[in-house]
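Hi there,

Here is the structure I promised to pass on. Have a look at it first, and my notes follow just below.

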Amino acid sequence: MPLRVEHTDHVVTAAVNRPGARNAVNFELMDRLEELVTQLSGNSNVRLFILTGSNNSFISGGDLREFHQLKSADDAKKMTRRMLRLLDKIRQLPFWTMAALNGDTYGGGWEIAATFDFRVAKRDINIGFTQGKFYLPPGWGGVASLTKLIPKKKALYWLATQRVISADEAYQSGFADELLDEDTYPASLQAIIDRLTRNDRPFIEYLKKSAQFDNPTQEVEPFSTFWESDEHRDRVQAFLDRKKS
């Protein structure tokens, strides 16, 4: 199976599993991701969707052996538009999404990761903005996504020079949100998962929606609604009780 999926509590983790191709994306993997995302979009229990890789690799880009069979511009358009539709569906999911970069990623792999709400990475990995080596610009929305995460000038320089960066540079630039050490990776990742899933779906959905607000007064009504909720009152009371003891 090119995609291994695990459901635990409010979390769905999908691991790309194509070790013979360093987890490169092919049409079969696109099929499985489309099926999964369609299922997730109707699941009201999920609070976090994680995409990661298996066998110490995240995603090495598109499968050149398979995609190289696409000879015409029309064929290429069909493929890239299909991927763009998939990534847009991921972007629109009403809960947190996180790319867990457990290994090196190149080309289309970083484009996919850039679509997610958050990105965490092992400290020893590399990320390659290498499409230009094959005389190709990003085709899966990478330029638009990357320039929302880091300054435009830096993004263009990485792409122009086919730059391969360290995880530390990814973190310092703002591409990665957190770095995790190899020896504590599972525990550190779980700690992030616990924090991201502490609050329920209505809270998560509101935060994602609020990022699109263009007027601060749009926050007044939802803030007031959460203020009077039993969950807010219970958490504040528990905090005050701990302070007394």
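Arginine 85 is exposed, because its relative accessible area of 52% is over the 50% cut-off for that class. Please keep in mind that this is a predicted model. Arginine 85 belongs to helix α3, which covers residues 73-91. On the surface, Arg85 gathers with Lys77, Arg81 and Lys89 in a patch of positive charge.

The other arginine I looked at is arginine 163. Is arginine 163 found in a helix or in a loop? It sits in the loop that runs between α6 (152-160) and β8 (164-166). Arginine 163 has 28% relative accessibility, so it counts as partly exposed; that class lies between the 20% and 50% cut-offs.

Now for the chain as a whole. It has 11 helices and nine strands. Of its 245 residues, 42% are buried. The C-alpha trace spans about 65 × 40 × 40 Å along its principal axes. How does the radius of gyration of the chain fit with a compact globule? For 245 residues, such a globule would have a value near 18 Å, and the chain has 20 Å, which agrees.

Happy to go through any of this together.

Best wishes

Note on methods:
Residues numbered from 1 in each chain as written. Predicted model: local features only at pLDDT ≥ 70, side-chain atom pairs only at ≥ 80, totals over all residues. Heavy atoms only, no water. Patch = residues over 30% accessible without salt bridge, like charges linked within 9 Å, V, L, I, M, F, W, Y side chains within 5 Å. Areas by Shrake-Rupley, 256 points an atom, 1.4 Å probe, with all protein chains shown as cover. Salt bridge = Lys/Arg side-chain N within 4 Å of Asp/Glu carboxyl O. Lys, Arg positive; Asp, Glu negative; His and termini not counted. Charge placed at Lys NZ, Arg CZ, Asp CG, Glu CD. Helix = DSSP H or I, 4+ residues; strand = E, 2+ residues; numbered from the N terminus. Buried < 20%, exposed > 50% of the residue type's maximum accessible area, 1.4 Å probe, protein only. Rg over C-alpha atoms; globule rule 2.2 N^0.38 Å.
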